[in-house]
Amino acid sequence: MSWLCNCPSIMAKAKAPPPSSSGGGKSAKKKKWSKGKVKDKAQHAVVLDKPTYDRILKEVPTFKFISQSILIERLKVNGSLARVAIQHLAREGQIKPIVHHSSQLIYTRAIGSD
């Protein structure tokens, strides 16, 4: 069996690299991962002006579901302004609480005899 290891044709087959039909190796291009979608930075109001204040007093008590995120989205105000507006309307009795969680306060409109 020792003559089998010295055979040049067997040694050539063992050392030859496998044929590459897919173009792999160093010359292959790297996979390009997508960078993801880029969301535009929102330009929300930081200071409450008169028209926005009037909209809060007029429209928000008519919403069926009122939360900080709803006010941010619909009225284009900052989160801190949305919290203050909700507290103001709740103190006046125009909206009533549904859920009081530490980070998410959910309210609804206050209807006459509820």
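H4 passes H5 in a right-handed crossing. The two helices pack at an angle of about 115°, with their axes 9 Å apart. This is a predicted model. The protein holds five helices and three strands. From the N terminus on, they run α-α-α-β-α-α-β-β. Of its 114 residues, 19% count as buried. Among contacts with a separation of 6 or more, 47% join residues 24 or more positions apart.

**The H4–H5 packing**

- On the H4 side, the residues that meet H5 are Gln-68, Leu-71 and Ile-72.
- On the H5 side, the partners are Gly-79, Ala-82, Arg-83, Ala-85 and Ile-86.
- Gln-68 is found in helix H4. A polar atom of the Gln-68 side chain lies 3.4 Å from the backbone oxygen of Gly-79.
- Not counting residues up to four places away in sequence, Gln-68 touches Gly-79, Ala-82, Arg-83 and Ile-86, along with Gln-104 and Leu-105.
- Leu-71 has contacts of its own beyond four places in sequence: Val-60, Phe-63, Lys-76, Val-77, Ala-82, Ala-85 and Ile-86.

**The H4–H5 loop**

- Lys-76 lies in the loop between H4 and H5.
- Lys-76 has a positive phi of about 55°, although it is not a glycine.

**The nonpolar core**

- The largest nonpolar core has 15 residues. Those with the most contacts inside it are Val-60, Ile-66 and Leu-71.
- Helix H4 (68–75) and helix H5 (79–92) each supply at least two residues of this core.
- Which helix gives the most to this core? H5 does, with five residues.
- In soluble globular proteins, nonpolar side chains tend to be buried together.

**Strand S3 and the segment after it**

- Thr-108 is found in strand S3 (residues 105–109).
- Thr-108 counts as buried, because its relative accessibility of 14% is under the 20% limit.
- A polar atom of the Thr-108 side chain lies 2.6 Å from the backbone oxygen of Lys-64.
- Ile-111 lies in the segment after S3. At 48% relative accessibility, Ile-111 counts as partly exposed.
- Ile-111 and Ile-95 are 16 residues apart in sequence. In space they are 8.4 Å apart, C-alpha to C-alpha.

- How many salt bridges does a search of the whole structure find? The search finds two.
- Lys-50 forms a salt bridge with Asp-54. The closest N and O atoms are 3.4 Å apart.
- Both Lys-50 and Asp-54 lie in helix H3 (residues 50–59). They are four residues apart, about one turn of the helix.
- Lys-50 is exposed, because its relative accessible area of 55% is over the 50% limit.
- Asp-54 counts as partly exposed, at 34% relative accessibility.
- Arg-55 forms a salt bridge with Glu-59. Here the closest N and O atoms are 3.3 Å apart.
- Arg-55 and Glu-59 also both lie in H3, four residues apart, about one turn of the helix.
- Arg-55 is partly exposed, with a relative accessible area of 35%. Glu-59 counts as partly exposed too, at 28% relative accessibility.

Note on methods. Residues numbered from 1 in each chain as written. Predicted model: local features only at pLDDT ≥ 70, side-chain atom pairs only at ≥ 80, totals over all residues. Heavy atoms only, no water. Salt bridge = Lys/Arg side-chain N within 4 Å of Asp/Glu carboxyl O. Buried < 20%, exposed > 50% of the residue type's maximum accessible area, 1.4 Å probe, protein only. Core = buried A, V, L, I, M, F, W, Y, C linked by side-chain atoms within 4.5 Å. Contact = heavy atoms within 4.5 Å. Polar contact = N/O pair within 3.5 Å; in protein donor to acceptor, adjacent residues only side chain to side chain. Axes fitted to C-alpha atoms, helices over the stretch in contact; angles between N-to-C directions. Left-handed = near helix turned anticlockwise from the far one by under 90°.
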